[in-house]
Amino acid sequence: MTKDKFEPRIIGYLCNWCSYAGADLAGVSRFQYPTNIRVIRMMCSGRLDPVVILETFIRGADGVMVGGCHIGDCHYMDGNHHAQRKIWLTHAIMKRAGFDPARLRLEWISASEGDRFAEVVSDLTDQLTKMGPSPLKGEKPDPEVLERIRAAQRVVEDFRIRALISKEYKLTTEGNVYGEVLEEDYIKDTILEAMDAEYTRNQILMETTDKAMSVKEIASAIDVPSPAVLNHVVRLRQKNLLTLASIDETTPKYKAMGGGM
Amino acid sequence: MTAKDKVGAVMVVGGGISGMQSSLDLAESGFKVYLVDNKPTIGGAMAQLDKTFPTNDCSMCIMAPKLVEVGRHENIEIVTNADVSSVDGDVGNFTVTLTKNPRRVDEELCTGCGICSLKCPVEAIDMYNEGLMARAAIYVDYPQAVPLKFHIDKERCIGCGICEGECPAGAILYDQTEEIMKVNVGPIILSPGFDEFDPTPLREYGYGQYPNVVSSIEFERMLSASGPFRGVVMRPSDGKVPEKVAFIQCVGSRDEHIGHNYCSSVCCMHAIKEAMIAQEHTPGLSSHIFFMDIRAFGKEFDDYVTRAQDEFGIGITRANRVADIAQDPNTKDLHLRYHEGGDIKYERFNLVVLSVGLHAPRTAKDLSAAFGIELNKYNFVDTKTFAPLETNVPGIYASGAFSGPKDIPTTVAEASGVAAKAAADIHDARNTLLSDVQLPPERDVLGEEPRIGVFVCHCGINIGGVVDVPDVVEYAATLPNVVFSDANLYTCSQDTQERIREMVEEHDLNRIIVASCTPRTHEPLFRNTVREAGLNPYLFEMANIRDQCSWVHMHEPEAATLKSKELVRMAVAKARLLEPLEKASIPVTPRALVIGGGVSGMTAALDIADQGFTTYLVEREKKLGGIARRLYSTIRGDNVKAEVEQMAIRVKEHPNIELFLGAEVDYIDGTVGNFLTMLKGQTQAIEHGVVIIATGGVEYEPDEYLYGKDERVVTQLQFEEELAKTKAKDLPSTAVFIQCVGCRNEERPYCSRVCCGSTVKQALLLKGKCPEAEVFVLYRDLRTYAFKEDAYREAAEAGVIFIRFAKDMEPKVSKGRSKDGPLEVIIYEELLEENIMIDADRIILAAAILPPEGNERLAQLLKLPLSKDRFFLEAHMKLRPLDFATDGVFLAGLAHSPKYIDESMAQASGAAARAVTILSRDTLLAEGVISVIDADMCTGCGTCIELCPYNAIERTEDDKAQVIDVLCKGCGICAASCPERAIDIRGFTSEQIIAQMSSVMNGGGM
């Protein structure tokens, strides 16, 4: 290992029953792989909260690998289905926040796939090495990116988004309260729409925490068209999260009321 | 014999999945278990499988937790390498003499580190991998083996002495000799499994001559990611990936010429599974299966076949047996010759898999001699329809493939079933032979500053050979709250365990970290140690620096050492936040409720009552017996009426059974250990600790084939009565049986399993009474699996004419030409390739078995899932066939899926055994790692209640979610999903996870 070479730091969140066991088998079988991964064991991949994944990136991880049982193999029946949906959401919000979703990988690895575990880790390490360090790594993380990921983290902390993503599996398999089974694309679009709105609102709140801003100023700061910003401003005022601070001549200026969403 | 003479221990002979399940059920019900296997490790045939049908579950993934559980259970003593020499005594008190063959490795001292095997200079054939690869002369079969103790293969060992020199534990015992053990037990369970058929004698298939003809079990190892080819299918002749693979069925089964007329029951599904997995592993590979019949008779098996065809494009030919195989000497490809319709066909394949049959184990005759048990003509144990688990010797039971070829779920059900039978023999002696562990009181560490002790393991040279252990020890000492750190040669050895206890005392430690191997195998051991040191067992954390450092970064010692330090750092970050976890306990109401008074319900009730527990049996009708009341005989000639009547009398007279006839469940409330049930019209609720669902099934009322429009068209159950009650002269002279009526179609894709056997039985009975009668059976696949194949052959020999029809070529039935003349049946005959017409006096429809109405309601009451075919859906199709995901509720019989009487009874006994694992305890202990909801943050949205796979979250009166501790398994799905983020998992809290993660991130904050 030379000093100059970039060594990505990867956190692996592995389920106890399959992927962690696959890592053990890689060990027993002496399958060699790069030393970059640090494994955290949890009982089920369904335990992993998108908030924690984003926190891992905020703390500077170059990559995150989530390992679960193959679909159908979950020790807790459908935990991996839930993990799949949480990762889908996290990927989407990372993309929205302009943070490369390829840094987060979900893999199904069974207890008998020691070689696959080694392969996946090697491959991810390679890929991340090529991608270079995360903008949030080290002592001086990129403040702009940090701001955006924090906004993303607030989104996955939000009741509405969490409720939607958690219900998605049941709504598309067993059905809703009317006994209708929803189309996956339909509910996913609903979630994406909600996610996009919440993300923008969080950005608005973050921008206006310290200073009052006009719709136009907000629009240019977060790169969202003014009419859309106005809609969000109305909604945020409805929720008592944003207040009209002043009207400069004819331009109203808004300020966040403090506290998260 | 008085109760005093009964021994509270059971011997289980054979440690495959059957023996393991029996052992666990008995050990969990208060009995000591000796689990004896003649091999160096337990696990049996299932340990060799890559995947299992019909879910394609990874076999080792689902089996390994059971292996670990058996291995560490305080009431189970595993005796490996042992043969049974002789048996004395009587029911409830046997003395078994075992000959323990030398392992030549001290089981107490061997830590399973594997250095011996790495250094051994001799190679031997690896039989676990079916001879497809080599292993050392000192070995374990597979890495997850239990016990994980190495074994010297004396045949191959040259006695060079190297392993003795290399073994850091000093465990090698070259001069170990045979040991004779005498074990005193109550009942004995025999579950030695099966051996696969060796196809070498069948010269026409060229096994052993043509390298690319392999057996199905060899192919299984070829498919396995841990097998010789790491899961990529390759040809043994040249290592090339085959493009076309053929599977030949019934090799060593359904073959009278070699004396194995019976059907091996599992090979059809096994081949489909292997074909699917092979195609999954190898893009571009196509497979073709040559069946005689497709015997997909199990729960949702036909769906699996459909999937294989539609989704995977697996080719299927139903032919007579493939005639022979010829090898192309240049390419080593194989040419198959077979019949299709009236034609002879040839086809070339790159690889051929022979689906070899299941044979009685080679040890069957020795076991028969030692135990005095009778075998059938195929050397399987000769059990009876109404005693499917009993041998002819009282107190000795048989389970699994030893009593006939069968699949894993049937085996697991039987394994639990024999546990119930065995427990009934010695229930007075329950809890008399358990090891009584005295533990010091738990020290209260609440409010104390964490004082962490770190123990770093060399694991012989497994860790120390790569990782700089002293450096890691030194580093650990610098971490916050670490007050002690040390290195050990083997942290798991007895003396280090003692040292950990001493250090806890000397340094006043209140958190322990072991940096060694994997928590999946060693955490229970260390938690015990921590508990014995007077600390809460959850004040413990592991860093896996062997499997994740030294073994996988062997050539990078510096990086491996650095990573080890960081893994220790992460463990410390978590350990600082660990809290003692209490296991909630609830008292158990030691009574059972059985719903359904058919054969299954009665059997379950009797088996629980025979163990001394009060059982409430609820039957909707005024009489016991269920659908079996309409049966008169079985394929084996049993008198069903008399047997069921006797069973009903036993139920009515049993002092522990309280019977409710003409009664229905109105509502059920509560959870495992304490349910409250109200029956309709009753005012007094029933209190009980478990529920068994045995609601049975009903016969489909056909609207096909003029049923209901012409009284000469009857169902199987109607004909059953006619056959029993009608004089020979009044029986039909031409009878046509039509199979698969109302099932195996779009509406009901499942097979009703019993109809083929029943048809063959009725055809034989009719032929017996009226030898002149003309009998036709129109079928799609004749599914007379296992020994029922004998009756099929007998029927064919008696002149019953079997005509196969394809799914879209159903026979046509019409009133016939003249007014009172015979009915007319037209069917397309595939061999003749033309329609033939039969004049029939009677048409007997094999009508489907349907789930009864009422399953839906019961499912709602108890929050149980139903399968897509509306039968109850068990917790796991393979290994938990009688359990529900909801604890304390079990199922048996037709409520699970269609099946024969003996199978229903075995399941019912199994459900009883599962129930007794709860009833036999005074209190139930919850897990320590469970979900906890912050009531202040909870807004009662109900998301978690809906998501919990175990129904372990309920709504409180003030509309908050609340965890039912004893039901929670700690998966954490609720915590990751809670919209209010009000849920956390004890032992895996978000704070702990984030602390672990951030300790090795920017700044490494701790």
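Two strands are taken to pair if DSSP finds at least two bridges between them. Helices (H or I, at least four residues) and strands (E, at least two) are DSSP runs, numbered from the N terminus. The structure is a predicted model, in which local features need pLDDT of at least 70, side-chain atom pairs count only at pLDDT 80 or more, and totals for chains, interfaces and linings use all residues. Residues are numbered from 1 along each chain as its sequence is written, chains are lettered from A and ligands numbered from 1 in the order in which they are written, and side-chain values use heavy atoms, with hydrogens and water left out.

Hairpins of chain B come first. Strand β19 (residues 324-327) and strand β20 (residues 334-340) of chain B pair in the antiparallel sense, over four bridges. Within this pairing, D324(B) has R337(B) of β20(B) as its bridge partner. Six residues lie between the strands of the β19(B) and β20(B) hairpin. One residue of that hairpin, K332(B), takes a positive phi near 60 degrees.

β20(B) also pairs with strand β21 (residues 343-349) of chain B. That pairing is antiparallel and runs over seven bridges. E340(B) stands opposite D343(B) in β21(B). The hairpin of β20(B) and β21(B) has two residues between the strands. Here G341(B) takes a positive phi near 60 degrees.

Another hairpin is formed by β43(B) and β44(B). Strand β43 (residues 823-829) and strand β44 (residues 834-840) of chain B run antiparallel and are joined by seven bridges. V825(B) stands opposite I838(B) in β44(B). Four residues lie between β43(B) and β44(B). In the turn, E833(B) has a positive phi of about 60 degrees.

A loop position in chain B was also examined. G696(B) sits in the loop between β36 (690-693) and β37 (698-699) of chain B. Leaving aside residues up to four places away in sequence, G696(B) touches P852(B), L894(B) and A895(B). Contact here means heavy atoms within 4.5 Å. G696(B) and D88(B) are 608 residues apart along the chain, and their C-alpha atoms are separated by 41 Å.

Chain A is described by domains. Its domain assignment gives domain 1 (10-131) and domain 2 (158-256), with bounds that come from an automatic or database domain assignment. The contact between them takes 13 residues from domain 1 of chain A and 17 residues from domain 2 of chain A. The C-alpha centres of the two domains of chain A lie 30 Å apart. Together the two domains of chain A bury about 1400 Å², 68% of it on carbon and sulfur atoms. Buried area is the accessible area (1.4 Å probe) that two parts lose on being put together, summed over both. On the side of domain 1 of chain A, R85(A), W88(A) and R96(A) lose the most area to domain 2 of chain A. Together they account for 50% of what that side buries.

Across this domain interface of chain A, the rule finds three salt bridges. A salt bridge is a side-chain nitrogen of Lys or Arg within 4 Å of a carboxyl oxygen of Asp or Glu. D49(A) forms a salt bridge with R162(A), with the closest N and O atoms 2.8 Å apart. Helix α3 (residues 79-96) of chain A gives the most to the side of domain 1 of chain A that touches domain 2 of chain A, with nine residues. The residues of that side divide into six nonpolar, two polar and five charged. In this scheme Ala, Val, Leu, Ile, Met, Phe, Trp, Tyr, Cys and Pro count as nonpolar, Asp, Glu, Lys and Arg as charged, and the others, Gly among them, as polar.

The side chains of E198(A) and R201(A) meet in a salt bridge (3.3 Å, N to O). These residues are separated by about one helical turn, because E198(A) and R201(A) are three residues apart in helix α7 (residues 184-207) of chain A.

The interface between the chains follows. In it, 67 residues of chain B are in contact with 68 residues of chain A. The area buried between chain B and chain A is about 5800 Å², and carbon and sulfur atoms give 58% of this. Seven salt bridges are found across the interface of chain B and chain A. R47(A) forms a salt bridge with D984(B), the closest N and O atoms being 3.1 Å apart. Helix α24 (residues 990-998) of chain B gives the most to the side of chain B that touches chain A, with six residues. That side of chain B divides into 33 nonpolar, 20 polar and 14 charged residues. Over all chains, a search of the whole structure finds 89 salt bridges.
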